Amino acid sequence: MATLIRGKLSNKLSNAATAVSNKSQAKVSGMFARMGFQAATDEEALGFAACDDLDYDHRQGMQMDILTSDEMGGEGSGDGGALDGDSHYQRDGTGPSRSASKDGGPTNELTEVRPKITAWEAGWNVTNAIQGMFVLGLPYAILHGGYLGLFLIIFAAVVCCYTGKILIACLYEEDEDGQLVRVRDSYVDIANACCAPRFPTIGGHIVNVAQIIELVMTCILYVVVSGNLMYNSFPNMPISQKSWAIIATAALLPCAFLKNLKAVSKFSLLCTLAHFVINVLVIAYCLSRARDWAWDKVKFYIDVKKFPISIGIIVFSYTSQIFLPSLEGNMQKPSEFHCMMNWTHIAACILKGLFALVAYLTWADATKEVITDNLPPGIRAVVNIFLVAKALLSYPLPFFAAVEVLEKSFFQDGGRKYFPDCYGGDGRLKSWGLTLRCSLVVFTLLMAIYVPHFALLMGLTGSLTGAGLCFLLPSLFHLKLLWRKLQWHQVFFDVAIFVIGGICSISGFIHSMEGLIEAFKYNIEE
């Protein structure tokens with residue numbers, strides 16, 4: 001009897017000790033989970049965790065299918081019902097989306113397949129983003145940075161190429177077989193995944209705010225550069241730069257009625273080719289004055305006060321991370337994404353460096369914020385008119401993207417939307433939707449009128465949102481989501497990029513704001 005009692009007591013004590021041990025281990029694991037790192041004791045636990053995640057997503061997708069079929073009264077059963085599940089259930093990205101047309105009519109999910117793009121077409125899109133009009137401000141960056149400015153053009157290309165790749169890596173996770181599977185679709189999804197489970201949507205809100213700021217600032221810069229170019233093309237006309245900006249905005253008012261970009265996209269290739277021709281003309285003129293190049297003006301020291309602004313200008317000229325997840329998801333061979341990023345950024349680095357250096361050597365200390373303003377009057381007028389046309393035709397792209405982000409955030413967010421939908425049942429734009437678009441156009445005009453400083457605005461935007469979206473957030477997300485799989489040199493690169501990007505962002509923002517305050521204080525015009 002005593003032996004039996006001792007046995008029961010020992011079993012109870014053993015069970016209690018085991019429970020205490022499990023609870024303490026759970027507390028430690030929970031602490032690591034709250035810090036954002038996944039703690040695991042062995043490979044078997046990791047395997048079970050992956051299986052649980054996949055099983056959860058599968059059950060969520062099936063539950064969404066059941067709910068959809070119930071709402072349709074049973075009509076959605078069968079093959080059709082299985083197509084309309086949770087977006088995470090369609091992990092490979094090949095399944096049809098749950099989107100519907102804006103006119104309220106159902107889309108043919110079975111027959112409508114989005115055409116995939118090749119690596120060359122994807123590279124062309126990236127090239128358009130990082131070789132746009134804003135290269136016109138790079139010679140001004142060399143003016144205040146000298147050879148260090150040239151180094152930063154190369155450094156920014158390398159870092160932006162790397163952060164673009166790690167951003168795409170955050171879209172994928174391994175399944176139970178060790179195969180990489182695409183589980184996220186956008187920059188916002190990555191941000192939300194990093195902030196889950198405690199704040200599952202705050203990351204997406206931060207990214208959306210940064211995207212809206214960058215897109216709207218891009219629109220403002222297009223209006224600013226249009227007014228600047230026209231004013232310097234016809235200096236004898238009794239029209240001020242602000243008046244030219246108003247005229248340019250009047251031509252942009254039809255953008256408020258855009259429902260898609262089909263009409264605008266027809267001109268995108270022509271505009272891009274025209275921009276390359278303009279770059280060639282500027283370089284050809286600079287080469288014709290090669291005998292007068294001022295090599296002695298290229299400095300090894302920097303202007304401490306204005307060089308941080310140059311950093312923002314250089315970073316802003318490389319921003320493309322916003323649309324990279326969508327671009328990679330639409331490629332025929334996503335495995336070619338890394339190669340595409342390499343050659344596009346190498347080409348951008350070479351072309352930008354040569355353009356900035358050759359232009360600065362030609363005009364040296366007389367280099368202006370928009371380099372075409374240094375051209376002789378005859379050539380300047382022709383080149384600037386083409387550039388204004390390019391700016392006006394480029395404006396609808398960031399404008400429409402900003403409108404879409406605003407509409408999805410405040411007007412089309414399911415049951416959590418703050419305002420009614422901007423579109424009626426017949427697909428027509430409602431009055432408040434039109435008011436939103438017109439207000440955005442007017443806001444870009446007012447900013448262009450009261451802050452007509454191209455380089456300062458470009459530096460401010462690059463320091464505020466460009467560095468955040470290109471340097472800070474990708475490295476932070478990469479560390480958070482893939483911490484267990486990263487090697488030591490990858491961790492080092494991510495931490496170094498985050499620290500350097502943070503320092504450049506803060507210093508560039510402060511000096512850009514100081515430059516704007518000084519411009520207002522002393523009424524300095526472009």
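1. How many helices and strands does the secondary structure of the protein come to? The count is 18 helices and two strands. Here, helices (H or I, at least four residues) and strands (E, at least two) are DSSP runs, numbered from the N terminus.

2. Before you dig in, keep in mind that this is a predicted model: local features need pLDDT of at least 70, side-chain atom pairs count only at pLDDT 80 or more, and totals for chains, interfaces and linings use all residues. Residues are numbered from 1 along each chain as its sequence is written, and side-chain values use heavy atoms, with hydrogens and water left out.

3. Now for the overall picture. The protein has 526 residues, and 45% of them count as buried. Buried means under 20% relative accessible area, exposed means over 50%, and partly exposed is in between (1.4 Å probe, protein chains only). Look at contacts too, meaning heavy atoms within 4.5 Å. Among those between residues at least 6 apart in sequence, 77% join residues at least 24 apart.

4. Find helix 5 (residues 138-169) and helix 13 (residues 337-363): they pack at an angle of about 175°, with their axes 10 Å apart. That makes helix 5 roughly antiparallel to helix 13. Axes are lines fitted to C-alpha atoms, for helices over the stretch in contact, and angles run from 0 to 180 degrees between N-to-C directions. Angles under 35 degrees count as roughly parallel, over 145 as roughly antiparallel, 65 to 115 as roughly perpendicular and the rest as oblique. The contact between helix 5 and helix 13 has 19 nonpolar, five polar and two charged residues. For these classes, Ala, Val, Leu, Ile, Met, Phe, Trp, Tyr, Cys and Pro are nonpolar, Asp, Glu, Lys and Arg are charged, and the others, Gly among them, are polar.

5. Helix 5 also meets helix 17 (residues 454-481), where the axes come within 10 Å and cross at roughly 35°. This crossing of helix 5 and helix 17 is left-handed; that term applies if the near helix is turned anticlockwise from the far one by less than a right angle, and right-handed if clockwise. On the helix 5 side, the residues include Tyr140 and Leu167, and on the helix 17 side, Ala455 and His478 are among them. The contact of helix 5 with helix 17 divides into ten nonpolar, three polar and no charged residues.

6. What about helix 11 (residues 307-316) and helix 17? Their axes come within 7 Å and cross at roughly 60°. That makes helix 11 oblique to helix 17, and the crossing of the pair is left-handed.

7. Is glutamate 328 buried or exposed? Glutamate 328 is buried, with a relative accessible area of 2%, and lies in helix 12 (residues 324-329). Its side chain and that of arginine 182 are joined by a polar contact of 3.0 Å. A polar contact is a pair of N or O atoms within 3.5 Å; within protein, one must be able to donate a hydrogen and the other to accept it, and residues adjacent in sequence count only if both atoms are side-chain atoms.

8. Most residues other than glycine have a negative phi, and most peptide bonds are trans. Alanine 364 has a positive phi of about 50° although it is not a glycine, and sits in the loop between helix 13 and helix 14 (377-394). A cis peptide bond joins alanine 196 and proline 197, with omega about 0°.
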